[in-house]
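This report looks at how parts of one protein chain are packed. Please look over the sequence and the structure before reading on.

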Amino acid sequence: ADEASNIAFVQQMTRIPSENPPGDTTQLAAFMTGWLNERMLDHRVVAPVPEWPNIVASFEGGSQGKHLILNGHLDVFPGGDATQWSDDPFSGTINDGKLYGRGVIDMKTGTAASFLTYMYLHEIREHLSGKVTLTAVSDEETGGEWGTKYLLENFPDETLGDCVLNGEPSTPQTIRIGEKGPLWIELLVRTAGGHGAYTHVSGNAIKDSAAIIARVESLTEYPVEMPPDVLARVEEAREALDSALGPGATDIVKQVTVNIGLIGGGVKMNVIAADCRTQIDLRAPVGVSSAALLEAFDEILKDFPNATYTIHQATEPSVCTPDHEMIRILQRNASDTRGILPFPTIGIGGTDCRFWRWRDIPAYVYGPTPYNMGAPDEYVTLEDLLGTVRVHVLSAFDYLTGQDN
């Protein structure tokens, strides 16, 4: 009955820019808190950084029970070059069963599912056993220091919980039980430099950087020992994951990945480059620590004494049990409402769920297919939007009423 209003809710969210950088989500947070106020749903705003507010809301059920956390984020990738889009990046246009806009996949659809789940469950709270907490944070795209991490460290009684449900893009065919650990490194190579005709007097920082990059690519062969039960589930999900995210997605989940995101150096065509900076995105799979991966990187740099680096992020991979009741509940509801049986697997990208998994709290991701995520013409299908909401609402209800059969 609420399909049209639920679609309109996501559409309105999409039309409010909340790009990170710069990360200012105050306008979107004001809309979301206004939405809660209209429905007389108590909440509060926690903003350790004024421009990055976090929304927290909780209610108790009719009897004692488990504590479910609903988690989403408000910040999104930058819209990018608007000329590359078919319409304005924040148009919220609906065309041919698709809702377009930056962040509609990552993750305004999933965050809307959390808000709607919170609203629907609050209406029938006397029938629930336990507690529900909604967390909508602003600092997810830049690491979570002032978002989820801050909430868990400063308000643990309210935000830790027994289980987490998150609506980041997973594809309807999969449930993400873990994710890789990003190791972000900025490499700096310096040489004496000189006139471009006198290549015998100095090394070239760009050439040395290229040599290092070639060696870093070998880290994709780093040995990985994934826990056997997790590896078995990843292989069971191979067909579903490869179908949703492209052939080879499962193999990527199981190996170290290397991405050269940015490189810059030199000053002029006929001048030997005296410096070169390279930003490298390494991702450690479950079974490999960031520390071990960094050690392997250090080993490569032993042959390049003119190279130094800065670590921008070193995040450990995370995983939780693939046999939790929430997995069975999500599978049942996805099957019943969408005709899809999702398989538990490891995610390729990162989410705030890692903060709970590191504390041994199971955290699961079920969300839409990431069509053009981070690219021009990002969109969610209306089928995925409504399906995500249905599965979240029903699964939260089942979890808080003990319906695991």
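A residue counts as buried under 20% relative accessible area, as exposed over 50%, and as partly exposed in between (1.4 Å probe, protein chains only). The model is predicted, so local features need pLDDT of at least 70 and side-chain atom pairs count only at pLDDT 80 or more, while totals for chains, interfaces and linings use all residues. Residues are numbered from 1 along each chain as its sequence is written, and side-chain values use heavy atoms, with hydrogens and water left out.

Thr381 lies in strand β18 (residues 379-381). Helices (H or I, at least four residues) and strands (E, at least two) are DSSP runs, numbered from the N terminus. Because its relative accessibility is 16%, Thr381 counts as buried. Contact means heavy atoms within 4.5 Å. Leaving aside neighbours within four places in sequence, Thr381 is in contact with Gly97, Lys98 and Tyr371.

Two helices can be set side by side. The expected span of a helix is 1.5 Å times one less than its number of residues.

| Helix | Residues | Expected span | C-alpha end to end |
|---|---|---|---|
| α3 | 20 residues | 28 Å | 26 Å |

In α3, 19 of the 20 residues are buried, so this helix is largely enclosed by the rest of the structure. The buried residues of α1 include Asn6, Ile7 and Phe9. The buried residues of α1 pack against α2 (26-38), β4 (94-95), β5 (98-100), α3 (104-123) and α13 (382-401).

Two packed helices are described by the angle between their axes and the distance between the axes. Axes are lines fitted to C-alpha atoms, for helices over the stretch in contact, and angles run from 0 to 180 degrees between N-to-C directions. For α1 and α2 the angle is about 155° and the axes are 10 Å apart. That makes α1 roughly antiparallel to α2, a label for angles over 145 degrees. Phe9, Gln12 and Met13 of α1 meet Leu28, Phe31, Met32 and Trp35 of α2 in this contact.

A nonpolar core is a set of buried Ala, Val, Leu, Ile, Met, Phe, Trp, Tyr and Cys residues joined through side-chain atoms within 4.5 Å. The largest such core has 62 residues, of which Leu68, Phe115 and Tyr364 touch the most other members. The most residues in this core, ten, come from α3. A second, separate core of 24 residues includes Leu219, Val258, Cys276 and Leu301.

Methods:
Angles under 35 degrees count as roughly parallel, over 145 as roughly antiparallel, 65 to 115 as roughly perpendicular and the rest as oblique.
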